[in-house]
Amino acid sequence: MRHVKLAATAAAALMLTAACTAGETTSAGNTGAKNGYAAVADTSLPAGGVLKLQTHVDTGAATGLDPQMADVATSWQLMSLVYETLVTVGPDFSIQPLLAERWETPDPTTYVFHLRKGVTFSNGRAMTADDVVGSLERLRKAKSVWSGQLGPITSVSKTGDGTVTVKLSEPYTPFLAALANVPAAVLPMKEIEDGSVKPKDEMVGTGPFTVVSHRQDVSWSFKRNAKYWSQGKPALEGLEIGIAADEAARVAALQNGQASMAVLGNVDSRTTLRGATGVQVADQATTDFYYLFTNTRKPGSKLADPRVRTALNLAMDREQIAQVATGGLGKPTAVTPAGLPDTCDPKTLPSASGDLDKARGLLQQAGAQNLSFTLSIYSTRPAPAVAQVIQQNLKRIGVTVNIEQMDEASWAGKVYAAKPTFDAGLSWFAGYSDPAMAMRWWNPEQAIFNTAFMKPDAELNTLIAAAGKATAGAERKQALSAVCTKVDEDAQMIPLVTRPATLGFRSDAVSPGLYATEGYGNLLRLVTDFRAKKVG
Amino acid sequence: MRLLLWWGGRALVSAATLLGVSILIFAAVRMMPGGFAETVLGPFATADQKAALAEQYGLDQPIPAQYWHWLSAVVTGDFGTSMISRTPVADELGARLPVTAELTLIAIAVALLAGVPLGVLTAVRARPGGGGAAGRLLSGLGVSVPEFVLAALTVFLFSRYALGLRAGGHVPFGEDPAGNLRSMILPALVLSIFALSATARTTRDAVLNVLVEPYVTAAVARGERPSSIVLHHVLRNAAAPVVTLTATIAAYLLGGALIVEYAFNLPGIGSFIVQAITRRDYAVVQAGVLLAAAVFIVMNMLVDLAVGLIDPRLGTEAGGK
Amino acid sequence: MRKAIRGLDRLSRAGLACLLVLVLLALVPLTGLAGDPDEIAGPRLQPPGPEFWMGTDNLGRAMLPRVLEGIGTTLLLSSAAVAVTAAVSTGFGVLAGYRGGAVNGLVMRLVEVLYAFPAIILAILVAAVMGPGRPAALAAIVLVTIPLMTRLVRGAAAGVAGRDYVTSAVISGARLPRVLGRHVLPNVAGTVAVQGTYALSVGITVEGGLSFLGLGVQPPQASLGSLIAEGTGYLVAAPWLVSGPGAVLVVAILSINVFGDGLRDRLEPRETRSLV
């Protein structure tokens with residue numbers, strides 16, 4: 001039994017190490033946070049220096065680096081270093097000026113933008129109203145996700161020197177929020193049209209940084225755009241971004257100083273990095289949220305019965321999912337993401353009663369007492385944890401969930417197939433920066449990707465359209481609330497909890513800024529204020 | 001002449017094996033569920049976009065035609081284009097090969113330089129009946145700790161207590177030779193543990209086999225010094241199994257390197273192939289696996305050659321299997 | 001077999017004893033005493049204590065039943081795979097070794113092709129093609145372990161084929177099945193048994209490696225590999241998540257290897273020894 005002893009010694013040594021390191025603690029909350037911010041950069045520090053960031057994934061689309069085609073937040077984040085939009089999002093989701101200095105809304109379907117003067121692309125050419133018009137026209141034709149989110153644009157025109165007017169066919173309240181995301185960025189249209197810049201292969205924008213080099217799935221190198229329009233910004237000399245797929249490798253890089261900042265995926269990163277000298281952890285709430293979707297078009301599926309879906313929704317313990325699967329960092333949410341202004345309170349939804357007896361009764365009525373179905377998920381954390389809590393939740397009403405975990409490609413192949421055979425799936429939506437945006441996916445005719453498994457509901461579609469039109473205030477709140485309730489009852493796609501983001505950084509190497517809540521998954525939104533320490 | 005003929009046959013057989021690998025990998029890649037289109041275009045892509053992509057990469061052709069195009073291109077050194085990076089696969093393979101090569105070469109060097117003396121020592125010192133238990137247990141432990149456990153532990157321990165070494169990340173040799181070594185030592189050591197233990201075990205067995213041979217007994221009777229016996233009689237005659245093992249180990253290390261590259265975030269071939277598999281980047285998977293198989297097959301031929309030089313009686317026979 | 005075990009040295013017998021203990025531990029969940037491995041039973045990441053002997057994991061599930069389930073999953077999966085490997089390898093190996101000629105050439109080329117794939121890449125491809133889960137892990141282990149065992153069985157069978165007693169049996173008119181069953185199979189059984197133990201340890205490693213890359217058994221089922229993969233993210237926050245299953249995994253592989261060594265010393269002549 002000698003080897004048992006050996007192994008036990010190794011285990012004991014391991015625990016001892018852990019106990020020792022747990023002794024020294026740094027306060028992780030001490031990031032100078034103020035209202036609306038998870039961290040505030042110390043702008044009194046001198047400018048200069050390079051930020052070494054490690055993240056988990058590179059851009060990797062067949063559409064290349066074209067921002068208008070980018071549909072995932074990890075790409076938006078990288079592209080935001082080079083590209084800028086007319087407006088941007090503030091800490092409280094208010095819309096702030098960026099390339100447009102100011103704008104007017106003479107009537108609910110007309111937006112007049114006055115462009116900032118002195119803005120140049122990194123190739124040295126000054127940005128003109130033609131670039132703005134051309135970019136938006138190109139986006140409208142692009143048939144990308146964002147051309148849909150941008151709303152019912154009827155015309156974009158240059159209405160003066162440095163003035164651009166956008167006309168909508170009907171009021172669309174999320175318009176400015178949609179305009180604030182990277183796919184709506186202003187591109188160097190003159191060069192794109194004459195073919196000297198290929199947006200798929202290179203990035204030329206007005207943003208704070210320019211690309212020095214890129215090695216797919218290995219690294220990005222950015223340097224300060226010397227011609228950047230905002231005086232004294234960015235403070236950083238450059239960014240070195242490393243791609244490390246393995247979370248442990250990123251944590252290691254943060255601890256040994258190879259990275260001054262790392263994107264973390266484990267909800268317990270704070271505990272993991274406790275005692276690592278100089279390392280701090282900032283958790284950011286996001287509007288992204290997990291949802292369970294059912295294949296109601298699968299012939300013979302019990303999930304096509306609304307009573308069954310209502311039962312499942314009733315048994316879903318969102319609070320437990322948030323506490324257990326996301327370590328308390330996520331929040332229960334309705335179809336309007338938690339954290340956004342005017343969002344619905346998930347506690348007011350019909351399913352919030354959590355009435356398990358009612359759920360069992362509904363299953364009985366539907367003849368689905370011993371319901372068993374397969375939940376298709378991908379292996380990216382914390383999705384497996386969410387699925388396993390759901391499994392336990394539904395066990396309470398006698399429903400058996402078989403989890404089928406796949407790599408993302410197999411998963412996508414299965415759920416987005418032309419004739420999908422899955423029972424139910426789990427995924428998350430980017431929540432965006434306005435409560436009426438993500439809900440568009442509940443209308444399959446707009447969303448397209450779910451037409452093969454989701455039946456459209458005419459009433460729900462009308463409500464979603466009305467919520468998009470409703471102008472701010474009580475009217476909007478009411479319209480949003482109506483959608484929330486209807487989505488909860490329909491329960492073909494069931495919103496669950498928001499998805500947290502975590503950033504680890506070395507307080508001896510960097511002073512970052514971070515909003516408390518983010519809509520477009522951009523941890524580098526405030527990068528122009530970041531300060532690198534130990535300069536010179 | 002006979003030898004030349006034999007080598008010609010050997011090369012043909014190797015080529016046939018490689019052809020078999022190419023068919024198998026091509027079929028496996030096409031059998032993976034989840035299309036390249038969903039993966040690289042995303043769920044929002046339209047049917048037109050998917051069709052355009054398929055046409056661009058020739059994926060709208062019948063499978064046998066695709067295979068033929070691919071194979072005929074590979075013969076000319078063209079491994080196709082990555083759908084993710086949109087650059088030639090050969091370029092990226094070329095950039096990543098040195099990392100994996102360095103990693104495995106250091107690991108093999110460590111395994112041989114430490115494993116062979118260790119094996120000889122434990123064999124020469126072995127007393128009949130017991131005594132070897134501690135050595136057996138230790139080398140047994142070496143082959144029993146999987147890389148993914150060892151790698152995770154090492155990354156964790158050395159990222160907190162660096163000791164001048166780097167756990168994770170890669171420094172190109174051309175940029176900073178010392179930094180390169182510092183970043184490669186730990187992953188190479190983790191990778192070598194299995195090979196080291198295996199080498200020690202094989203050497204020990206081989207030496208024990210030789211020690212009972214009459215010519216060794218005769219040398220002892222002649223009163224030759226033990227060190228001279230080991231050098232002149234034992235090592236030469238025990239070398240064949242160890243050299244044969246080196247080929248097996250090299251193949252094994254290429255696989256092990258994958259886990260180590262992943263855990264230590266090294267941009268090598270292994271992590272390249274895994275990422276390509278998960279994203280259905282067909283050309284990359286095919287090229288990577290073919291390369292690994294080619295290395296393995298060439299290693300085997302070299303080993304046959306080496307064994308033939310060491311012991312002409314064994315050479316052709318070992319290769320015939 | 002009993003004779004073979006009696007002839008083992010002390011270390012190998014200790015290895016065997018360890019294995020038996022692990023098998024017994026794997027049987028505990030069947031009694032229902034260990035508790036539900038999937039139930040969220042308490043707070044997350046509780047250290048080992050009186051209530052949870054091995055602590056709780058990141059979902060608040062008790063680790064003890066999970067580790068016990070993991071032992072069972074891993075042992076069952078790898079031994080089932082090795083049984084398949086043994087059957088397939090013995091079949092093809094004996095055929096190729098005894099028949100020789102073109103059959104031998106064909107079998108050996110196929111084996112060579114499989115052998116040329118790095119093991120873990122082969123396993124990942126299988127998991128990708130079949131979709132992760134037990135069948136894929138089983139198939140992966142089989143494909144990874146088949147080449148070596150087939151080669152060695154072929155070698156042993158070829159060695160036997162030339163022996164006088166086989167020749168005399170063939171001359172005296174014995175049918176092929178009888179020759180194979182009576183003379184060839186018993187003589188390759190030792191090789192199969194020894195290689196089987198090594199294949200078992202390779203199988204455990206392959207399953208673990210697949211789980212490490214997120215391609216192993218399906219949640220919530222626990223295997224030693226999946227537990228360790230989950231635990232490596234918690235080396236600081238909850239070291240008990242990895243130390244328990246990690247120790248069991250190493251002990252399991254070590255016991256199998258040590259036992260295999262002893263078995264080899266008993267059953268195989270020195271020349272046909274192989275290492276991995």
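Select strands 12 (261–264) and 19 (501–506) of chain A: they run antiparallel and four bridges join them. Strands (E, at least two residues) and helices (H or I, at least four) are DSSP runs, numbered from the N terminus. Zoom to Leu264(A), which stands opposite Thr502(A) in strand 19 of chain A.

This is a predicted model: local features need pLDDT of at least 70, side-chain atom pairs count only at pLDDT 80 or more, and totals for chains, interfaces and linings use all residues. Residues are numbered from 1 along each chain as its sequence is written, while chains are lettered from A and ligands numbered from 1 in the order in which they are written.

Now show the whole sheet in chain A. It is open, with eight strands in the order 9-10-11-2-12-19-13-22 and mixed pairing. Strands pair if DSSP finds at least two bridges between them. Strand 9 (209–215) and strand 22 (517–518) of chain A are the edges, each pairing on one side only.

Move to chain B. Colour domain 1 (16–75) and domain 2 (96–320); the bounds come from an automatic or database domain assignment. Their C-alpha centres lie 36 Å apart. Here 14 residues of domain 1 are in contact with ten of domain 2 (C-beta atoms, placed from the backbone, within 7 Å). On the domain 1 side, helix 1 (2–31) of chain B gives the largest share, seven residues.

Finish between the chains. 35 residues of chain B are in contact with 35 residues of chain A. Select helix 7 (147–160) of chain B. Helix 7 of chain B gives the most to the chain B side, with five residues.

Conventions:
Two residues are in contact if their C-beta atoms, placed from the backbone, lie within 7 Å.
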